[in-house]
Every structure is written in structure tokens, then in C-alpha cells.
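Trainee: I would like to go through the terms used for this model and see what stands behind each one.
Mentor: Good. Have the structure open, and ask away.

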Amino acid sequence: MMLRKTLVKSLSSISSEPLLHHLYNHKPTSQKPTSSTKPRWLSFSNSLPPPEWIQPFTDLSDLITHPNNLQPSPWVHQIILLLDNSSNMELNLTAFCRKFLIKLSPSFVASVLCSEKMKGECETAFRFFYWAGKQKGFCYNLECYVSLIAILSRCGDLIRIGIVFSELKDKGFLVNVSAANSLIKSFGNVGMVEQLLWVWRQMKENDIDPSLYTYNFLMNGLVNSLFIESAEQVFEVMENGKIGPDVVTYNTLIKGYCKSGKTSKAMQKLRDMEDRNLEPDKITYLTLMQACYSECDYDACLRLYIEMDEKQLDIPTHAFSLVIGGLCKDGRTMEALSIFESMNMKGYKANVAIFTALIDSYTKIGNMEEATRLFERMKHEGLDPDEVTFGVIINGLCKSGRLEEAMAYFSYCRENDVAINAMYYSSIIDGLGKAGRVDEAQKLFEDMVDKGCPQDSFCYNALIDALLKGGKVDEALALFQRMEDEDCDQTVYTYTILIDGLFRAHRNEQALKYWDMMIDKGITPTSASFRVLSTGLCLSGKVVRACKILDELAPMGIIPETAFEDMINVLCKAGRIEQACKLADGIIDRGREVPGKIRTIMINALRKAGNADLAMKLMHSKIGIGYDRMGSIKKRVKFRVLMDS
């Protein structure tokens, strides 16, 4: 444009006739011009025009009247093609711009950074951003920084976000609503609360009124960073201000409560929504269902599902997974199956996780026929069982004694590249051990490493149990030592099966040694582990020792609720009625209530032992439940009365 104006100006200062003469009729001559003759020469420069700043949209301002009709500049596509993150990317960009005499304006750079091509391309975007800044005369605008931070936040690149944000602050830009919303959203997604609050203060200082989107982005950022109290304060401001909370705001706060373990508060917000005539959506219910499922509150999951169904909301498949999976974990298999059939009738399709939960539930109640029927139905509906499904079916078959079928599925998984994990091996090893095929179990255990599957504690436990049940106690102890040498976690279950096996082999002192070892390692005993210990001690005549260990557990916060019942039951089954009576009286002497189950246990034990008279006496007496007057003291009738009569 400047070249054209210079040319026109030069042409206007020269008369047309001499100009034509010079252009068309001029012939070279050797005559030198005199001082009075001043020829007018027109000179053309061979230098290139300066590069032109290009904009992201084609400038047709003379032809169009509405900004929505702006078309993207063809340069945009050409530049995007060069953004390949190659080692020569910057050189290629420079050569291209030099060739076509262009420079990329700040608006152009911001537009390219906002393109679909740049989403998730953190490295490429970062390099392009700093290459653009090296152009002569280039000066970043606010949109450049905002667009780059948005890309970096999607990738979670906190270090580079910090660098770019520091530069943005130093520039002293006046933040507008659009930029503030984007920055708050970006910082909130990656939990950069300090930066997020800086943007919020900039808005306040510059009298920029936040929109509903601004509030929601701010709430989301605070919640993602677990600043729940701050989010509550923002929520209260919205409730009392011009811009009230919408469904998204409520969902965000509900998410925050659920993440911080305040599920009851989250449930209250659901009811508050209804009071404000705001209809909860599927996100509301799904968030709450996930929290209830995590807390094992499967009844609440079911209630929320019923609410969704009554409101005719579109129920996501994951919501069905939560409610059906929860009911299955709770042992309510028939209720889970009812919802499963209901979802099929309504046109919803079950996924692999739902089928797997139902199959697992049926295997746990020993109904392998229904489990295998669901397994086949799953395949018939076009769903491929995954490694979890195969693991569940193999484990169920092993526990129900159908070892050959389990082995067939195991072989199928090996041959069809199904990812076999340690659970498969532990199930098969356990099944082989229960079937007395200990040598096969040992071979399979050793084969695991060759197949690229590490031996975990479940596999060790299964083989130790198999060896103990097969009478190979020393081999079991050696395997336990190997487990320790290889830093494999020895769990409470490991010690429980080892102690049980040692007591069964009448190696009582060794069993007590491993109990003490477990306590010394800080492994908390369970009711099952104490039951194994007390059973072994009671059968070996060491009832007092069992009671002493039980007393030692109390300060540790371990109080097996059925400990005395279990011990009395063992003694009765062993025909040691006198010791059982003494133990029951010990409960009375400690001022504790004697559970009614103990009387029932002893009555049944006496009856089975042929002591029908004592059984009838106990049934019709006040022993353990009534009181006798002894002077002025009221004492409960003791069980040893049975033995004295």
C-alpha cells in the first residue's frame, strides 16, 4: 500500500508527455545533459515490501455488515499445518512467514491457540507461543496468555502455567469478564487456588461484575482444591445476591461435600434444591450415589435410584452399576437381579461390570448354575467377558468343587491372551489344595513367575493352606519364610491359616510363637484369627491362656464379640462340659450379661453328648438368667450348679 501511494505521488508530479516520452520513446544518447536541462527519471526499487501483520479473519469490512459473517483467514490453516512439534517447527514457521512476507498478529496467535488442533498439545502450543513473541514488533495481548493457560491446564502442566501466569501478572493487563472466566476455570481445574483468587481480586478491583459462569467456575476451582468452607461462603453470597445458584452450582457443592466425606450435608443440599424449585439432574444423583456406594450405604444408593426412576430421568449405566453392585456386595442378590431385569425391560443395556457383579454375587451364595447362566447370557448379548469376569467365574467354580471346569476356563484365558493375574492362580491353587492335589498346586505356583505373573500374598496364602491341609507343615513354614525373604506382605490371614494349621498338627507352642510374632509386627488380629487361636487353646486344655490373651486384646481396641460363645461352643463339642460351665460362670463373675446363645449352645451340646437330664435341667432352670438371694446380695445362678447336682 505504501509503495502504491509513493508511485501515485511520483506520477502526479510529472507531466504526462515527458513521462510517455521516457517510458516509450526514450532512446539512449551520448549527449550529456546541460545544466539547464534536468531530465526527470522514474526509479523503481528492487527491495521487498515490509512484512504485513495478518489477522485471524478475512477483512471484508467494506462488503459485510455483521461480525458473525467473518470468515477465518486462509493463513490460519496454513500455520496450523506447520505446528507439528517437530525439531524444525520454529525454523519452518520463520521460513514460511519470510517467504510470504507476513507476521502473525497477537490476535492471530490467540486464535490459533484456541483452535481444536491445539487442544491437549501442550508442548506444541508452548513452543508456538514463544516463537511468536520473537517476531519483530510483536507484543502479546491478554488473549494469548489466557489461551495458552487454558491448554496447559488441560494437560496439568503446573510448572509452565506458573511461568506463563507470572509473565501475565507483570504485563498489568486489565482483565475482562471473558478472560476472567477462562482463567478461573483453568486454575480451578488444576487446583491453583492462589492464582484463582488473584483473578477474582482483579475482577473486584476493576469493578467487573461476575456472571453465573464466573461463580460456577470459582466454586468448581475451590471444590477441586478441597477449599470446601470457601466454596460454602461463595454459595451463601450467591444465595443472598442478584445471581442465585443454579443446578450446576448445587452439583458443584454436592461434589465438594462428597469428596470431603460430608455425605449427609450433600444429601441435605439435594433437599434444598427441591425447596428452591430446582430439579436435580442425573449428575446430582450420580454424584450422591457414588458417595453412598463408597461409604457402603447401599440402601441410600437404592433410594436415590428409585427417585431417579420416579422422576423419569435418564439413568446412566454407571448408576445401574452402583446400585446393582452395591446390592450384590450386601448379599441382596435377588433385589439386584430385579433391578437388572427392570433396566433391560426399559431398554437400558447392561455392561460387563453389571454382569460381573451379579455373577460374583451368585458364586458367593454357591449358586453356580445361575452364575454360569448369566455368564453365557452376557456372551450372547455381545459382551466379551474381561479378566475380572473370568476371575470371578473361575474362583466360584473352584470354591464349589468344580475344579475341572475352572481349569478349562483357566486354559481358555491362557490361550486367548486374557490378562491372567494373581487372583486366577490363587483360586486354582486353593482349589487344587482342597482337592488334595498339593503337588499340582506347588507346580502351578512355581510356573507363575515363568508366565510373568508375580506371586502375591493371596497365592502364598493359598499354597500355605494347601500344604498345611496336606500335612506338609515344615514345607508350609519354609514357604512362609520365603514369603518374608521376598518382602511379600504377610497379612493377618497368612498368620491365621498358619496358626490354625499348627494347632491341627498339635504344634501348639509354635502356633503361640507365630501369634506373638503377628502382634509384635503390629498386625491387628481379627475375630477369625482369635477364634482359631482360642479353639486351639481350648482343645489343648489351655482355656485360662485363651482368656488371658482375650484380656490383652481389649486395650488394643480388639474385642471379638462372640469370643466366649465360640470358646464355649468348642468346649461343648469336645465334651468338656465342666470347663464350659466354668467359662460361662467367668462371664458372670466379670459382671457381664450372659448371651442367650450360650444357654442354647450348651443345651444342644449336652443333648448331643447324651446328657439329656442335664440338658432338660438347664432348659428349665434359672442358670445364667435368674437370680438367687444369698443374704442381702442378689447373685445370678451359675452354670456350675449343673455339675454339682
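This is a predicted model: local features need pLDDT of at least 70, side-chain atom pairs count only at pLDDT 80 or more; totals for chains, interfaces and linings use all residues.

Mentor: Residues are numbered from 1 along each chain as its sequence is written, and side-chain values use heavy atoms, with hydrogens and water left out.

Trainee: Why is α23 called roughly antiparallel to α24?
Mentor: Helix α23 (residues 422-434) and helix α24 (residues 438-450) pack at about 165 degrees, with axes 8 Å apart. Angles over 145 count as roughly antiparallel, under 35 as roughly parallel, 65 to 115 as roughly perpendicular, and the rest as oblique. The label for α23 and α24 is therefore roughly antiparallel. Angles run from 0 to 180 degrees between N-to-C directions, and axes are lines fitted to C-alpha atoms, for helices over the stretch in contact.

Trainee: Which residues make the contact of α23 and α24?
Mentor: From α23 come Ala422, Tyr425, Ile428, Ile429 and Leu432. From α24 come Val438, Glu440, Ala441, Leu444, Phe445 and Met448. Contact means heavy atoms within 4.5 Å.

Trainee: What is the make-up of that contact by class?
Mentor: The contact of α23 with α24 has 10 nonpolar, no polar and one charged residues. Ala, Val, Leu, Ile, Met, Phe, Trp, Tyr, Cys and Pro count as nonpolar, Asp, Glu, Lys and Arg as charged, and the others, Gly among them, as polar.

Trainee: What makes α9 roughly antiparallel to α10?
Mentor: The axes of α9 (residues 177-189) and α10 (residues 193-205) cross at roughly 160 degrees and come within 8 Å. So α9 is roughly antiparallel to α10. Ala180, Leu183, Ile184, Phe187 and Gly188 of α9 meet Gln195, Leu196, Val199, Trp200 and Met203 of α10. Eight of the contact residues are nonpolar, two polar and none charged.

Trainee: How do you know that the buried residues of α4 line one face?
Mentor: In α4 (residues 89-99), the buried residues are Met89, Leu93, Phe96 and Cys97. Seen down the axis of α4, they fall within an arc of 95 degrees, so they line one face of the helix. The arc is that of the directions from the helix axis to the C-beta atoms. These buried residues pack against α3 (74-82), β2 (102-104) and α6 (122-132). The face turned away carries exposed Leu91, Arg98 and Lys99.

Trainee: Why is Thr124 called buried?
Mentor: Buried means under 20% relative accessible area, exposed over 50%, partly exposed in between (1.4 Å probe, protein chains only). Thr124 has 1%, so it is buried. Thr124 sits in helix α6. It touches Leu83, Asn85, Met89 and Met118, not counting residues up to four places away in sequence.

Trainee: What makes Leu226 partly exposed?
Mentor: Its relative accessibility is 47%, so it counts as partly exposed. Leu226 lies in the loop between α11 (212-224) and α12 (228-240). Its phi is positive, near 60 degrees. Most residues other than glycine have a negative phi.

Trainee: Why is Asn277 called exposed?
Mentor: Asn277 has a relative accessible area of 70%, so it is exposed. Asn277 lies in the loop between α14 (263-275) and α15 (282-294). Asn277 has a positive phi of about 60 degrees although it is not a glycine.

Conventions: Helices (H or I, at least four residues) and strands (E, at least two) are DSSP runs, numbered from the N terminus.
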